[in-house]
Amino acid sequence: MKKIIAFAGSNSKKSINKELAIYAVSLLSNVESEMLDLNDFPLPLYGIDKENKSGIPENAQVFLDKIKSSDGIILSLAEHNGAYATVFKNIFDWMSRIDGKLWSEKPMLLMATSPGGRGGATVLEIAKSRFPYMGGNIVSTYSLPSFFDNFKDGKIVNTDFDNQLTKSVDMLSKEI
């Protein structure tokens, strides 16, 4: 059976991006899934001096191994000040020191959501332009605007947005 890993690029205990990733996983069938939480992989703030002194932290390798052992990835990025959340950027930086092609060409559904009307579109654009250089095989992207208006009780309540996500999940399913 194919295995998908899913996670949010956030460390918020009430992450709306984690909620979106969980929902996206629920739309898959005939796959094993594992929901990862960046809080379970604490890492020191990346810096070359830290790396030279102490090496690569084990949690960076463990997270990278999860990616490499999967058949596909669902990632929903939080947007902080128009870019990645610090916690995501940090694990991304540490993993890239182990393997510059850290996404390993795994089929990826790349998503973002936010309370605002742009739905994390800026961070999504950053990732779409950067990830392919890092072994990212982005098969579909999805942005959910106005999260608190469009997501209730664990699901997307706007039919158009829900249909768009279903199509994106289907595209991922065909690639794994």
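W94 lies in helix 4. The model is predicted. In this model the relative accessibility of W94 is 0%, so the residue counts as buried. Beyond four places in sequence, W94 touches L43, P44, L45, Y46, K50, E51, G55, I56, P57 and A60. P44, one of these partners, sits 50 residues from W94 along the chain.

N59 belongs to helix 3, which covers residues 58–68. Its relative accessible area is 22%. The limit for a buried residue is under 20%, and N59 is therefore classed as partly exposed. N59 and I91 are 32 residues apart in sequence. In space, their C-alpha atoms are 8.7 Å apart.

I138 was examined in strand 7, residues 137–144. Its relative accessible area is 24%, so I138 is partly exposed. With neighbours within four places left aside, the contacts of I138 are M108, L110, A127, K128, F131 and P132. Two of these, M108 and L110, fall within the span of strand 6, residues 107–113. D71 is 67 residues from I138 along the chain. The C-alpha separation of I138 and D71 is 13 Å.

Backbone geometry was considered next. Most residues other than glycine have a negative phi. E105 has a positive phi, near 60°, and is not a glycine. E105 is placed in the loop that joins helix 4 (86–98) to strand 6 (107–113). D153 likewise is not a glycine and has a positive phi, about 50°. Its loop lies between strand 8 (151–152) and strand 9 (155–156). The relative accessible area of D153 is 80%, so this residue is exposed.

Helix packing was described for one pair. Two packed helices are described by the angle between their axes and the distance between the axes. Helix 1 spans residues 16–26, and helix 7 spans residues 159–175. They pack at an angle of about 65°, and their axes are 10 Å apart. The crossing of helix 1 and helix 7 is right-handed. Helix 1 contributes L20, Y23 and A24 to the contact. Helix 7 contributes D162, L165 and V169. Of the residues in this contact, 5 are nonpolar and 1 is charged. None is polar.

At the level of the whole chain, the secondary structure comprises 7 helices and 9 strands. The C-alpha trace spans about 50 × 35 × 25 Å along its principal axes. The radius of gyration is 16 Å. A compact globule of 176 residues would have a value near 16 Å, so the chain agrees with that expectation. Buried residues account for 47% of the 176 residues. The accessible surface is about 8,500 Å². Carbon and sulfur atoms supply 47% of that surface. Among contacts with a separation of 6 or more, 79% join residues 24 or more positions apart.

Note on methods
Residues are numbered from 1 along each chain as its sequence is written. This is a predicted model: local features need pLDDT of at least 70, side-chain atom pairs count only at pLDDT 80 or more; totals for chains, interfaces and linings use all residues. Side-chain values use heavy atoms; hydrogens and water are left out. Axes are lines fitted to C-alpha atoms, for helices over the stretch in contact, and angles run from 0 to 180 degrees between N-to-C directions. Helices (H or I, at least four residues) and strands (E, at least two) are DSSP runs, numbered from the N terminus. A crossing is left-handed if the near helix is turned anticlockwise from the far one by less than a right angle, and right-handed if clockwise. Contact means heavy atoms within 4.5 Å. Ala, Val, Leu, Ile, Met, Phe, Trp, Tyr, Cys and Pro count as nonpolar, Asp, Glu, Lys and Arg as charged, and the others, Gly among them, as polar. The radius of gyration is taken over C-alpha atoms; the globule rule is 2.2 Å times the number of residues to the power 0.38. Buried means under 20% relative accessible area, exposed over 50%, partly exposed in between (1.4 Å probe, protein chains only). Accessible areas come from the Shrake-Rupley method with a 1.4 Å probe; for residues, only the protein chains shown count as cover.
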